[in-house]
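Student: I'd like to understand how labels get attached to residues in a model. Could we go through some of them together?

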Amino acid sequence: MPDTFRPIPRHLAVIMDGNGRWAQARGLSRSEGHKAGTETAKRLVTRCRELGVKHLTLYTFSKENWGRPQDEVRTLFDLLVRFLNNELASLLKQDIRLKVLGELEDFPFAVRQVLKLVLAKTEKCTTMTLNLALNYSGRAEILRACRHLIEQGVKPGDVTEERFAQELFTAGQPDPDLVIRTSGEIRISNYLLWQSAYSEYYFTEVPWPDFDDAQLDRALDAYAARQRRFGLTGEQATSGLDEDPS
Ligand code: IPE
Ligand code: IPE
Ligand code: MG
């Protein structure tokens, strides 16, 4: 389907899963899998920007991922630092703003430093926002929002959905239209619990390192064929109300 006739998600969120299994199937180390996965992520960023996606969110490291072997955690951070250092110029050239969904405080100093640098340098970029969900947990994010509201003394009657959303890491950004998960698991693993209330989901068996442009195209075709209803009837949804009402 040509891009011009296909609705493109304004916000695409991805659970980049299967690096370990991809490597194992090739007799490689898990680190090699993560390295290959980083290349896939790089390509996806560029492709999404070309396609006109305005917000791209990548599940990069969950709070639960801290429980993995220390070596693997270190490899993941090394790759992240390298990605940020290598890609800064390219992000600026592509006018892509970096955002982090997650608390920076828990990261090693070197990771924090480079993150802060790239966040500051790309702050004014407007063509696309690249959100890295790092040290991220949907439940923890919701609790953090509750704490912030209580700390600010917000009255119970003023706790609306809009006010609540302002306390999430995604404040000011639209909810994901499409969530893609690779590598065959049919679960959301604590990802964007609040924000994905009405997202479309696309699951594929393809492991993350093999998720290339053609695979993205398949996911976008599947998305284009969905009818979003937001609780309305099929007739209402097709008579022009198929956009997110928020
Ligand atoms: C995704 O690949 C990357 C991260 C979770 C950081 P995995 O490392 O989870 O790969 P599998 O699921 O073990 O194959
Ligand atoms: C989700 O993948 C987290 C990331 C992709 C960063 P996991 O591999 O950690 O999820 P589970 O453990 O299979 O649910
Ligand atoms: Mg996994």
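Student: What makes F230 count as buried or exposed?
Tutor: This is a predicted model, and in it F230 has a relative accessible area of 13%. Buried means under 20%, so F230 is buried.

Student: And why is Y198 called partly exposed?
Tutor: Its relative accessibility is 48%.

Student: Why is the pair of Y198 and F230 called tilted?
Tutor: Good one! Two values describe such a pair: the distance of the centres and the angle of the planes. The ring centres of Y198 and F230 are 5.4 Å apart, and a pair needs centres within 6.5 Å. The planes stand at 50°; stacked would need under 30 degrees and edge-to-face over 60, so the pair is tilted.

Student: How do you know that the pair links distant parts of the chain?
Tutor: Y198 sits in the loop between β5 and β6, F230 in the loop between α7 and α8, and they are 32 residues apart.

Student: Now the ligand. How do you know that R68 makes a polar contact with ligand 1?
Tutor: An N or O atom in the R68 side chain is 2.7 Å from an oxygen atom of ligand 1, and the cut-off is 3.5 Å. The protein buries 86% of the 380 Å² that ligand 1 exposes when taken alone.

Student: Which backbones come within that cut-off?
Tutor: Among them are those of G18, at 3.3 Å, and N19, at 3.2 Å, each from an oxygen atom of ligand 1.

Conventions: Residues numbered from 1 in each chain as written. Chains lettered and ligands numbered in written order. Predicted model: local features only at pLDDT ≥ 70, side-chain atom pairs only at ≥ 80, totals over all residues. Heavy atoms only, no water. Polar contact = N/O pair within 3.5 Å; in protein donor to acceptor, adjacent residues only side chain to side chain. Areas by Shrake-Rupley, 256 points an atom, 1.4 Å probe, with all protein chains shown as cover. Phe/Tyr/Trp six-rings, centres within 6.5 Å; stacked < 30°, edge-to-face > 60°. Helix = DSSP H or I, 4+ residues; strand = E, 2+ residues; numbered from the N terminus. Buried < 20%, exposed > 50% of the residue type's maximum accessible area, 1.4 Å probe, protein only.
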